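Please look over the sequence and the model shown here before reading the report.

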Amino acid sequence: MSTGETFGRTIQLFLVDGKPTGLRKASIHGWTGLLFVSGASAFGDLTARDEVDRTGVYILSGPDPDKAGSTRVYIGSGNSVAERIRQSALKRDFWETAITVTTSDDDMSKGHAEYLEARLIEQTAKAGRVTLDNGTHPDTSRRRLPEADIANMEQFLANLRIILPVIGLDMLKPQPKAVSTAAGPTSPSISNEVQFEIRHKSGVQATAVEEEGEFIVLEGSEVLTGTGYVQHDTAKATKDRLLADGILVPQEGAQEPAKLRFTRPWSFTSPSAAAAVVLDRHSNGRLEWKVKGASQTYHDWQQAQAAKQEAAE
């Protein structure tokens with residue numbers, strides 16, 4: 001099924017040892033790219049594969065030890081991915097997941113791999129979703145490839161943008177429009193979007209929009225703090241990270257209870273994750289967030305949207 005230029009893709013995911021936590025093999029139907037994914041326990045199985053002892057790129061990812069709730073990644077390339085990823089893994093303690101990228105026909109040259117490595121680093125840095133462990137950022141303009149080869153590698157990169165989130169790594173996913181434009185509730189870029197709000201009895205007010213499956217709290221939104229309510233460890237770690245990065249700052253002139261303020265938009269994985277930070281407690285965001293200027297909850301709005309779509313079909 002397709003709409004405009006959007007069309008379905010078939011991603012094949014094979015559990016090599018039959019276990020969801022073991023070695024996994026991923027590919028897209030009709031594409032020569034070949035990915036293997038493993039945790040530390042299956043790392044030996046990954047590096048032993050013949051398909052990994054080829055020219056390609058690799059990624060090591062795991063929790064960022066310097067930023068709670070963040071992901072750190074290292075991107076590399078080599079003539080033998082198996083050998084290079086072993087060397088890189090020994091030098092780094094943060095990683096929990098190893099991903100190798102080669103081709104089923106062993107047709108990737110050293111130049112192709114170095115170009116792809118440079119572009120992956122460049123695009124990951126631009127997306128700003130993870131912390132890069134790479135000390136240097138290679139210049140793609142110095143990776144001289146024929147024009148046709150560059151086009152092929154850009155198509156290869158486009159397929160990686162599709163398959164990497166499926167295996168749990170969204171490092172290439174562009175930031176939502178509301179985040180990349182530093183949007184507030186009245187910004188032209190989101191003024192036509194459906195907006196949601198929390199208006200708490202304490203006086204705290206927060207505004208958010210939903211975009212591409214992400215729930216984005218907008219610049220200027222207020223946050224309760226120091227309430228003493230029970231809060232999930234993840235929400236606390238997120239709030240601590242936002243404070244450390246200056247995304248949340250104390251609200252000037254705020255009376256009791258203390259308030260914080262978003263200095264720029266921030267993307268959350270769900271309405272509940274956003275509500276937990278805004279209200280400083282465990283929250284059901286599907287009920288806490290309401291359509292701006294109305295009494296309709298996010299849950300009811302979502303159900304209404306689903307009904308409209310069903311009726312249109």
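The report below treats a predicted model and takes up a sheet, the salt bridges and a patch of charge.

## An open sheet

Five strands make up an open sheet in which the pairing is antiparallel, the order being β16-β12-β11-β10-β17. Because β16 (266-268) and β17 (290-291) each have a single partner strand, they stand at the edges, and one side of each is left without a neighbour in the sheet.

Within this sheet, β11 (residues 205-211) pairs with β12 (residues 214-217) in the antiparallel sense over four bridges, and V209 has I216 of β12 as its bridge partner.

## Salt bridges

The model holds 13 salt bridges. R119, which is buried at a relative accessible area of 12%, meets E122 in one of them, with a distance of 2.3 Å from N to O; both residues belong to helix α3 (residues 110-127) and lie three residues apart, about one turn of the helix. R119 also forms a salt bridge with E154, where the closest N and O atoms are 2.7 Å apart. As E154 belongs to helix α4 (residues 147-166) and R119 to helix α3, the pair ties together parts that are 35 residues apart in sequence. E122 is partly exposed at 36% relative accessibility, and E154 is partly exposed at 24%.

A further salt bridge joins E214 and R129 (2.6 Å, N to O); E214 lies in strand β12 and R129 in the loop between α3 and β9 (131-132), so this pair ties together parts that are 85 residues apart in sequence. E214 is buried, with a relative accessible area of 7%, and R129 is buried at 17%.

## A negative patch

On the surface, D50, D53, E83, D105, D106 and D107 gather in a patch of negative charge. D50 is found in the loop between α1 (43-47) and β6 (56-63) and counts as exposed, at 64% relative accessibility.

Notes
Residues numbered from 1 in each chain as written. Predicted model: local features only at pLDDT ≥ 70, side-chain atom pairs only at ≥ 80, totals over all residues. Heavy atoms only, no water. Pairing = 2+ DSSP bridges. Helix = DSSP H or I, 4+ residues; strand = E, 2+ residues; numbered from the N terminus. Patch = residues over 30% accessible without salt bridge, like charges linked within 9 Å, V, L, I, M, F, W, Y side chains within 5 Å. Areas by Shrake-Rupley, 256 points an atom, 1.4 Å probe, with all protein chains shown as cover. Salt bridge = Lys/Arg side-chain N within 4 Å of Asp/Glu carboxyl O. Lys, Arg positive; Asp, Glu negative; His and termini not counted. Charge placed at Lys NZ, Arg CZ, Asp CG, Glu CD. Buried < 20%, exposed > 50% of the residue type's maximum accessible area, 1.4 Å probe, protein only.
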